[in-house]
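Hi,

Here is the structure I said I would pass on. Have a look first, and my notes follow below.

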Amino acid sequence: MSSKAIREYDAKLLLTYWLTRSPLIDPALEGQLGPSATGSVPRVAQMLLNEETGVLTSEDALPAWTKESGVKFVAKPDQLIKRRGKAGLLALNKSRQEALTWIKERAGKVQKVESVEGPLTSFILEPFLPHPADSEYYVCINSDRSGDTILFTHEGGVDVGDVDAKALKLLIPVPTAAAPQTFPGKKAVINTLLSHVPTQARKDALADFIIRLYSVYVDLQYAYLEINPLICMENSVGKVEIHYLDMAAKLDQTAESIVGQKWAIARDLAIYEGIASSSSGKVTADRGPPMAFPAPFGRSLTKEEAYIQKLDASTGASLKLTVLNAEGRVWTMVAGGGASVVYSDAIAAAGFANELANYGEYSGAPTEGQTYEYAKTVIDLMTRGAVNEQGKILIIGGGIANFTNVAATFKGIIRALKEYKSPLIRAKVSIYVRRGGPNYQEGLKAMRLLGESLGVPIHVFGPETHITAIVPLALGLVKAGDTAAPKSVSQTAPATPPAKATEIAAENPPVGSIGPDGERTQINDQIVHFDSVSTSSAGRPWYRPFDSNTRSFVYGLQPRAIQGMLDFDFSCGRSTPSVAAMIYPFGGHHIQKFYWGTKETLLPVYTSVDEAFKDNKHTDVDCVVNFASSRSVYSSTMDMLRHPTHSQRIKSIALIAEGVPERHSREILYEAQQKGVLIIGPATVGGIKPGCFRIGNSGGMMDNIIASKLYRAGSVGYVSKSGGMSNELNNILSFTTNGVYEGIAIGGDRYPGSTFIDHLLRYEKDPECKLMVLLGEVGGVEEYRVIEAVKQGKITKPIVAWAIGTCAGMFKTEVQFGHAGSLAGSDVETAEAKNRAMAAAGFIVPPTFEDLPDTISKLYQSLVQKGTIVPQVERDPPVIPMDYKWATELGLIRKPAAFISTISDERGQELLYAGMRISDVFKEDIGLGGVVSLLWFKRRLPIYATKFIEMVLMLTADHGPAVSGAMNTIVATRAGKDLISSLASGLLTIGSRFGGALDEAASMFTNARDRGLTPREFVDQSRKANKLISGIGHKIKSVNNPDLRVELVKEYVNKNFPSHSLLDYALAVEKVTTSKKDTLILNVDGCIAVCFVDLLRDSGAFTPEEAEEYIKIGTLNGLFVLGRSIGFIGHHLDQKRLRAPLYRHPADDIFINMADVSQPRVLGRMQQ
């Protein structure tokens, strides 16, 4: 969500710090304001109770002002509790010890405030301020669609009364390019708000304060700020002082990326105490701790809720969880913000609100791993505690997804269900699944198969079943087989094409091949070119922003969405694609290919809209689908709207991004209104005009486009807040009517660019639209604008309407649903009030959402009977070949892999080494040797074997700078080469003469022993063949001066290996060779080689065949390469550190022998 309440303590810190630091809302006011009448240092303290440890903030940790003598205190809870004084939660005029005692007595105790209960865990301490009654004022700033409103009354305090009725108000409109400064000035503040303030001195001080207060409100992205009472009085010397006693505030959480650093610095107590830092050694992103957004009173975040909140903050997807009743029988795991509300409504309407255990949703294409973590958390909560004899119900529901791969998200859920198999059985859980969208068939199939093996009943339904039809079945209100039970619904359109085997386009003839007619295939033969069509939106009526000629830019790198739009265009029979170009600021100036049916077309990519329109290009484009992120969507959209010519050419912009700050959203919508540009969004999937135009991913995959008959126009226009529910409406309308004429998802934020009334007025004027559907939700008042239009006769066409969120009033505490705007701020914003008001105004409002399809169907049939709607003959859309990647995911085609890898896999949630999770690699501390055993041998080796591998790597790490590999590395480094080049230079010297003796030694000793040769016979045969024995001999070391590396290896192997027969054989060979010369000892290469053969043959981890194979394929040399790379890198770093210059070998160390030119051999070459 966006607007979230903060603690009073934090609100006062923010205001105190920024009141004199935030830039004034109007720079022209700079010289008009006097010194601030407020204090510059916050005199406020916080005491928090750690619920896990039961420890309260130490008295010693309180700020210095609390220790001043003579100070009287106010103590109160700071947990978003309203009317604390009336609830007896206010301690006034207390000594320090009395105030602290008062807090300690209440900390951790459960307190009931009106109908809500909860423990008191956060308290605020302030100085007690005696003041006359006539010094109490009330000030509040709130925001709505039209702008910001300042409310002020000269009568503040506990008995302020009906503020809306008695307060004076000053509206500050939303600024635009035409009117960048909308604040009316100091004089207007005094005349409008302060007329009842008694003295001019107070008026001036209060006016200055209100101006600075509003400046902070805008600068720090507040959504609401109330001070009651605000004290304005004269001190002992007659100077006016201002103090704010009680304060309530909300910040726009989506603006954290913009002003989070400002929130944080005001919370850094070190600033006020005059010390270096208050972070206690903890590193934070900004100076000071990040802003804390507490849960409503009575709704302390559980550990699980906090975990999901953290998970949600770290991903672009949406993951929400609120535990309503941990002992409840009915649990939900629903995909989609709107769908999650609909399921909660259905459960509550069935009389099970007291059994509903949680509210939550996952959406925005979470990964398999994220879905697994979410599902695991919900299932863990569900299966705790005592067994309920009635059993528990898990509803895994959702609408028809637009772009989320259902099968991929179900993989995470299935993994969690398997992991909790025993707890699920013990808790007697029954699972009901309903889902649709991309790859839903595979997802539902996987769920059905899981039900056969899990031991838990799983009932699976697809998009042919109404979204909430599984709820009464799950709750036992209907039984399988009853007429009311969910069942497949056949589509009404007689000529809707049946499901066909997927057609995969035949491969085009390769470029350059010669066909039967003798023509050679050219590269351009499969490319379809579309010239810019000279069409103008001026000839289009205002109520029809999209038609079959609409052309658009897509802002952002969104090839999947663009391909979906082009596939839709092709299925609709459009003559040109609806996308003319892509705008991508980070990598433009190129061409991208997309499919047009079975052929391909090219789309240009530009870095800006300005570049795209330059030189009179793309004159037919009048729409932009903006996929820019929440951080850049404001600037990219404003650039278009404020451009002198772009705003005349662009007539509609769809903003897809979620999490757009509310102030940015308002500025965009007002700028667009002035320029006559239609804004859809933000936080929307877009919309769809069947047969004409599709915004981004609206309508989902092509199979859903065809199933919902969106390839041709119907007669029903709808408006929905929810993108997921808009696809559900597409589905419902395809079953119950002749289909959708146009559908728009306006977005779930508080300030969408266009609202219900904007689109319904268009539908009213459009003669092709015969019937309208409005799907609203709890929160906001936009439905009432439609009600007024109906009452005034501006809308006369029939409207079927429903506001979702009827369950909200049944919850004991405030619940923020999936959409930012779906939270009622007053009674009129509740879903029940809206449904009653719409019904009273003449809308057709079904009894429940479950009755919506039947209600629409009856109205449609009546319009057909009256002749208002004349059903058209269905046409079969062209078949769109399925993309190769998607067909592969669905398992419809197969292709031999170009590569086979069996040692690692990074595709899942966690990296796997030979099937072992990387987390287990560290948990079990298998070490580097264990990792080598997994990646080289695909198995876990015994500890002695992995330790031996590590020993070998340490022993072979380096052998000084003089050896050829080290020398090459050093020379390359001194030539200025980078680490990789220098390392490669050294590694390339490894071979039979340097470092490569391990493989050869292993082979020679193994063959000799396997052939039954005695050590002496082996030596004699090698001498007769004039062949040196690899692994025997050292330039320096001898029998009397042994190589300690060899001694270490022998000692370890003799102590730890179960068998070391080849080492014993090699040592016997050494006795023969050293009898001839004492330096012919078994060297480190030979010792490592024979010991490694013993490991392969005698550890029991390998078959004889595998052991032989590993000896032959270079495994032993691999150990040397891996170990010696450590040394080579060391030499490179050493030379870089020494800043060694380019190396040139001394000439006196080179013998140069140039052949005489008179020699016949040289002369012969020259004569040739």
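A quick definition before the helices: axes here are lines fitted to C-alpha atoms, for helices over the stretch in contact, and angles run from 0 to 180 degrees between N-to-C directions. Keep in mind that this is a predicted model.

With that, helix H29 (residues 943-955) packs against helix H34 (residues 1044-1056) at about 180°, their axes being 11 Å apart. Since angles over 145 count as roughly antiparallel, H29 is roughly antiparallel to H34. On the H29 side the contact uses Ile943, Tyr944, Lys947, Phe948, Met951 and Leu955, and H34 brings Arg1045, Leu1048, Val1049, Tyr1052, Val1053 and Asn1056. Sorted by class, that contact of H29 with H34 has nine nonpolar, one polar and two charged residues.

Then there's an open five-stranded sheet, ordered E3-E2-E8-E4-E5 with antiparallel pairing. E3 (55-56) and E5 (91-94) are at the edges with a single partner strand each, so one side of each has no neighbour in the sheet. E2 (residues 45-50) and E8 (residues 122-127) pair over four bridges, and Gln46 has Ile124 in E8 as its bridge partner. Helix H1 (residues 8-18) packs on the sheet, touching E2, E4 (73-77) and E8, at about 45° to the direction of E8. Helix H2 (residues 96-106) lies across E2, E3, E4, E5 and E8, at about 10° to E4.

On confidence, the chain's mean pLDDT is 88, with 91% of residues at 70 or more. Residues 488-507 fall below 50, and residues 818-822 stay under 50 too. Where pLDDT is low, the predicted coordinates should not be read in detail.

Cheers

Technical notes:
Residues are numbered from 1 along each chain as its sequence is written. This is a predicted model: local features need pLDDT of at least 70, side-chain atom pairs count only at pLDDT 80 or more; totals for chains, interfaces and linings use all residues. Side-chain values use heavy atoms; hydrogens and water are left out. Helices (H or I, at least four residues) and strands (E, at least two) are DSSP runs, numbered from the N terminus. Angles under 35 degrees count as roughly parallel, over 145 as roughly antiparallel, 65 to 115 as roughly perpendicular and the rest as oblique. Contact means heavy atoms within 4.5 Å. Ala, Val, Leu, Ile, Met, Phe, Trp, Tyr, Cys and Pro count as nonpolar, Asp, Glu, Lys and Arg as charged, and the others, Gly among them, as polar. pLDDT is the predictor's confidence in each residue, from 0 to 100. Two strands pair if DSSP finds at least two bridges between them.
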